Amino acid sequence: QCALKERQIVPYLQPLVDANGKVVGAEALVRWNHPRFGMISPGSFIPMFESNGLTRQLDSFVWREVAAQMRDWKDRLGICVPVSVNVSRVDIFDYDLVDHMKGLIREFDLSPDEFLLEITESAYTQDSAQIISTVNALREAGFHIEIDDFGSGYSSLNMISPLPMDALKLDMEFMHNAFKERKNTKMLDAVIDIAYSLEVPTIAEGVETAEQMFALKAMGCDIVQGFYFSKPLPAEEF
């Protein structure tokens with residue numbers, strides 16, 4: 001709570017790049033700028049926030065910081081950069097989520113289709129009917145939903161068909177495994193084809209090499225994200 005109150009939590013932004021190398025958006029990735037230990041990655045502190053029941057507070061703080069940054073870009077630079085923010089499973093079961101998001105967009109005078117919401121695929125594995133209902137309400141309010149971490153071990157064709165979504169984001173490890181020694185990218189190619197058949201774009205995380213970039217482009221992947229283009233950056237550097 002002290003970290004949130006003192007604004008030690010900082011959203012970093014990693015560019016999303018289309019097949020032609022144009023920046024088309026960003027993902028907000030949280031960092032903790034600790035006064036004693038310096039910059040701490042989310043893998044180290046997110047579990048602590050979860051165990052202390054502070055996930056909603058953390059997410060809400062990040063949403064507000066990102067919305068304020070987007071408003072600043074519009075006012076100061078006259079540009080719109082869509083940004084994806086994480087919506088955790090805990091958030092989805094908050095009955096006030098839709099109203100909260102709508103209020104945030106009104107407060108900062110943003111369009112909901114600029115403020116993209118990432119929901120991890122595993123969130124749909126239990127109580128999926130309630131989650132789908134909430135996601136549908138968010139989409140009806142104009143928000144675009146990205147299914148995050150697809151291919152992380154929960155995927156099935158039966159599950160993906162009814163999911164309301166506007167983009168499919170490939171899990172980083174799923175993508176990396178496809179490019180290991182044997183370079184077996186058949187499953188990766190198949191998932192991109194599935195997304196194409198569902199008429200939603202695919203986003204590949206963790207792209208680190210030119211080989212991965214051009215192979216994904218040849219498969220029809222629409223957007224890539226990773227160190228090949230840029231590490232996550234503070235807003236000013238972004």
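Figure 1. W32 is buried, at a relative accessible area of 11%. Buried means under 20% relative accessible area, exposed over 50%, and partly exposed in between (1.4 Å probe, protein chains only). F45 is buried too, with 1% relative accessibility. The structure holds 5 aromatic pairs. Rings of Phe, Tyr and Trp (its six-membered ring) pair if their centres lie within 6.5 Å; planes under 30 degrees apart are stacked, over 60 edge-to-face, and the rest tilted. The ring centres of W32 and F45 are 5.6 Å apart and their planes stand at 85°, so this pair is edge-to-face. W32 sits in strand β2 (residues 23-34) and F45 in helix α2 (residues 42-51), so the pair ties together parts 13 residues apart in sequence. Ring pairs join W32, F45 and F49 into a cluster.

This is a predicted model: local features need pLDDT of at least 70, side-chain atom pairs count only at pLDDT 80 or more, and totals for chains, interfaces and linings use all residues. Residues are numbered from 1 along each chain as its sequence is written, and side-chain values use heavy atoms, with hydrogens and water left out.

Figure 2. Helices (H or I, at least four residues) and strands (E, at least two) are DSSP runs, numbered from the N terminus. I131, I132, T134, V135 and L138 of α6 are buried. They cover an arc of only 160° around the axis, which puts them on the same side of α6. The arc is that of the directions from the helix axis to the C-beta atoms. Exposed A129 and E140 lie on the face turned away from the buried side. The buried residues pack against α4 (89-92), α5 (97-107), β5 (115-120) and β6 (145-150). Contact means heavy atoms within 4.5 Å. G142 follows α6 and has a positive phi, near 105°.

**Figure 3. Helix α5 and its cover.** L97, V98, M101, L104 and I105 are buried in α5. Down the axis, they fall within an arc of 130°, so they line one face of the helix. D99 and R106 are exposed on the face turned away from the buried side. The cover of the buried residues includes α3, α4, β5 and α6. Just after α5, D109 takes a positive phi of about 55°.
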